[in-house]
Amino acid sequence: MRIRVAMAGLLGLAMGSMALPALAAEDPIKIALIEPFSGPVAAIGRDTLEAFEFYADRVNAAGGVLGGRKIEIVVFDNAMNAEKTTQQLRKAIDQDIRYISQGTGSNHALNIIKALKKYNRRNPGKEVMFFNHSAVTTSFTNELCMFWHFRFDHNVDQKVAALTTFMNTDQDVNKVYMINQNYAYGQAFQKAAHKYLKERAPKAKLVGDEMIVPFGKVLDFTPYIAKIKASGADTVLTGNWGPDATRLITAGANAGLKVKYYSIYAGIPAAMNTMGTKVSTFTPIIQITESHENDPDVPAWKVEEQNDWLAQYNKSEYVDRFRILFEMMVKAFNEAGSADPTAVGYALEGMTNRGVKSEAWMRPDDHQIHFPMVISHVSTDVKRPFIYNGENYKMAYKTDGWIAREDMLLPSSCKMKRPRK
Amino acid sequence: MDILIFSLFNGILYGMLLFMLSSGLTLIFGMMGVLNFAHASFFMLGAYFAYQISKFVGFWPALIIAPVVVGVIGAIVERYGLRRVHKFGHVAELLFTFGLAYVIEEAVQMIWGKVPVSYHIPEVMNFTLFSLYGLEYSAYRVFMLLVAVSMFVALFFLLTRTRVGLIIQGALTYPNIVASLGHNVPLVFMMVFGLGCALAGLAGVLAGNILGTEPGMAIQLGPIVFVVIVIGGLGSLNGALVASLFIGIMQTTAVSYDVSMNGFLNVIGVQVDFDSAWRMLVDLTVAQISPILPYLLLTLMLIVRPRGLFGVRDV
C-alpha cells in the first residue's frame, strides 16, 4: 500500500515536471493576504499566513484547482494601519490579483469593502472578491453587504447570541456584570449583549454595565474588580481582548473574585499564556470557538489534520474557519469551472461543507457563514495541552456545550444587488 | 467612607507602581537634562530579562540580576551612544532615544517573539495577606509597595545625604568646576543614566508579571510616565512621588463613582434629548473617562504651571 502511494507520488512528480511547459500557460490563482506582518501585532498576521500556506499546500499537493492551476498566497503588509490596507489593496489590484483575504481588524475590512464597492462598480468584468476570514462587525453582512464579500466567521451579534443562549442553561448565571472596551467593537458587543440577554437569557439580571478606555490604557483593574464584587455579580460578560482582558482577569484572581467570565477572546492561547495556569483556572474563563482539540466529538479526519499541523508548525491548531474557507473556495472554483470572482461568488452562495460537529452553510442572502460553535473553558485537566512554538502551555479547552447552527441564525437587513451571471 | 478608604488604599498601591515606573526617568532628566523616550523600553527589558532569568534560577535572583543587566545596558548606551550625540544638543538626544525605543522593541520581538511570554508572580508570594471590604490583597502587591517605598527612600538619601549625591548634583549645575575639582563628570553621567535605567528595569521585574510581558507594553506605558514627571515637575523626585500618588488616587476614586454629567444636569432640572449628539457626551460617567484624566491634568498643568508641582524650571 505504502509503495503504491509512493509510486503514485513519483509518477505525479514526473508528470508534473513533464507537464511544466504546458502548465506555464495556466497561471496560478493568486490570493492577496493583507494582514499586519510588522509591528506589535505581527504575530497574528504570521499565524494567519501559516494557516493559509498550510491549506494552500494541501490543495496544490492534491493537484490544484480547475485541472492543475495552483493557489498562490501573496503577502501584503498593512502594519495594522487601516490606511495602508487601502494602499495595499490597490497594489494587489494593480498586480491583477482578483482574490483578497483579510480579517484582523474590522476597520481594515471596512476599508476593503468600501474600496471594492467602488472598484467593482466601475470595472465590470474585472471584479475583485473579498474573503473575510475574521472581521466580525455585524454590519458587513447587513446594511453594508455586497455580492463580492463572503464572511467565514460569525459576526459579533451571532457570537453574543450564542453565548447568551448558553448562559440561559448555566445554573451559575444569575447576576451579570458587563465590561467592554469603548470603541466600535466593544460598543457593538455591548449593544448585542443588551439585546440578546433580554431575548435569550431572560433569567439573568444585569447588575453592571461598564465601558473602559481600550488597548492597555487601564493598568490597574482592582477598582473595577471592587465594583464587580460590590454588585454581587456571579458572571462577567466581556468582549475584552488583549491586555484589557488578561489584566482584568488577573486582577480578579489576585483579589479572590470568584465569578464566571463569559467572553469571545479572553481565553485565546496568547491570553492564557500571559495569565498562567493558576489565574486561567482560578475561575472558569468561558469562550466560544469553532472547535478545539480536546472536544470528544472531533472527527478522525480533523484529528489527523491537527496532528499534521502540530508536526509542521510545532504548535496546536486553534481555528477551524481557515479550513472551511479553503475547502469552500476550492469547491467553488471547480463548480464554477472558472476563476472568475462572479462565477465563484454564485457557486459559494448556499454552499455547504463538512464541519467538525455538523455542516457549515454559506447563507446566500447575506454571504454569512453558519456553523455550530463550541462553548469551552480553560482547564489544565486536558489530554492535549496547547502547544505554541514548542512551548507547552499545560492547559487547553474543555467543552461545556455546543450551540447548534440554527441558534446562530439571525435575521439580516442585507439587500444585495447581484451581478448578471 | 468605605469607598474613600478603599480608593485611598488602592490608589496608593497603584500610585507607587507609577512612581516606580517614572522615578528613573525623572532622575535622568533632573541630573542630565535628557528626556529619555526609551525609558519604557528599559522597563520592558527588565520584565523580559526577569522572565528569562527566573526560568533558570527563580524569581529572587532575577529581582537582583535583571535590573543590574538593564543598568549596564543603559550605561553602555550612554557611553557609546548618548555621549556622542550629546554635543549636538537636546533635539539630537531626544531623537536618539526615540529611535532607541524602536530598536529595543524590534530586538525584543526577535528574541522572545511577538506573543506575550508567561512571566508570573512567584509562588511564595502568591497568597492572600489580608482582605479589605471583600477584596483580597496578595502578598506580592504589598511587596511591590514596600520595594517602591524603599526605592524612594534610598534615592532620596543617595542624592541629598551622600558624597556621591553631592557630586551628582554639582556635576549637573557646574560640570566644569566639578571636573576641575578632579571628578570624572562623564563617568558620573554614565552612572546616573545606568541607575535610571536600572530603576526602570526593577519596575519591569516587579510589574511585568502583573501587567503582562509583551512587546507592546513599552508603547502602552510610555505616555503615562511622561504625564507623571511633567505634573510632578521635570527632574523632581519628590514631585514624581506626589504626582504618582495623586494620579493613582484620582483614577481609583474616579472609577469607583458612576457619576455622569447627565445625572448632575437632571438634578438641576435640565433634560437632554435622548437622540441628540450631546447625549453621548453628558452620559459619560467619571468612571469612563478616568484613564484620560491624567492627560487632562497634564494639559491643564502645562497651561497653568508649566514647571509642574515641584519643578524648578519650565518645560
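What share of the 421 residues in chain A is made up of buried residues? Buried residues make up 51% of them, where a residue is buried if 20 or more other C-beta atoms lie within 10 Å of its own, exposed if 12 or fewer, and partly exposed in between, with C-beta atoms placed from the backbone. The structure is a predicted model, in which local features need pLDDT of at least 70 and side-chain atom pairs count only at pLDDT 80 or more, while totals for chains, interfaces and linings use all residues. Residues are numbered from 1 along each chain as its sequence is written, and chains are lettered from A and ligands numbered from 1 in the order in which they are written.

**Overall form of chain A**

Chain A has a radius of gyration of 22 Å, which agrees with the value near 22 Å that a compact globule of 421 residues would have; the radius is taken over C-alpha atoms, and the globule rule is 2.2 Å times the number of residues to the power 0.38. Along the principal axes, the C-alpha atoms of chain A fill a box of roughly 75 × 55 × 40 Å. The chain holds 13 helices and 17 strands, these being DSSP runs numbered from the N terminus (helices H or I, at least four residues; strands E, at least two). Of the contacts in chain A with a separation of 6 or more, 71% are between residues 24 or more positions apart, a contact being a pair of residues whose C-beta atoms, placed from the backbone, lie within 7 Å.

Chain A is divided into domain 1 (2-135 + 321-354) and domain 2 (157-294 + 373-408), with bounds that come from an automatic or database domain assignment. The C-alpha centres of these two domains of chain A lie 33 Å apart.

| Partner of strand 8 in chain A | Sense | Bridges |
|---|---|---|
| Strand 6 (residues 175-181) | parallel | 4 bridges |
| Strand 9 (residues 260-263) | parallel | 4 bridges |

Thr238(A) stands opposite Ser263(A) in strand 9 of chain A. From strand 8 the chain crosses through helix 9 (residues 243-254) to strand 9 of chain A, and this β-α-β crossover is right-handed, in the sense that, with the strands pointing away from the viewer, the path from the first strand over the helix to the second runs clockwise.

**Two buried residues**

Leu248(A) lies in helix 9 of chain A and counts as buried because it has 24 C-beta neighbours inside 10 Å. Leaving aside neighbours within four places in sequence, Leu248(A) is in contact with Ile179(A), Phe221(A), Tyr224(A) and Asn240(A).

Ala396(A), found in strand 17 (residues 396-403) of chain A, also counts as buried, with 24 C-beta neighbours inside 10 Å. Among the residues that Ala396(A) touches, not counting those up to four places away in sequence, are His292(A), Val382(A) and Phe386(A). Ala396(A) and His292(A) are 104 residues apart in sequence and 8.6 Å apart in space, C-alpha to C-alpha.

**Contact between the chains**

The contact takes 28 residues from chain B and 31 residues from chain A.

Definitions and conventions
Pairing = 2+ DSSP bridges.
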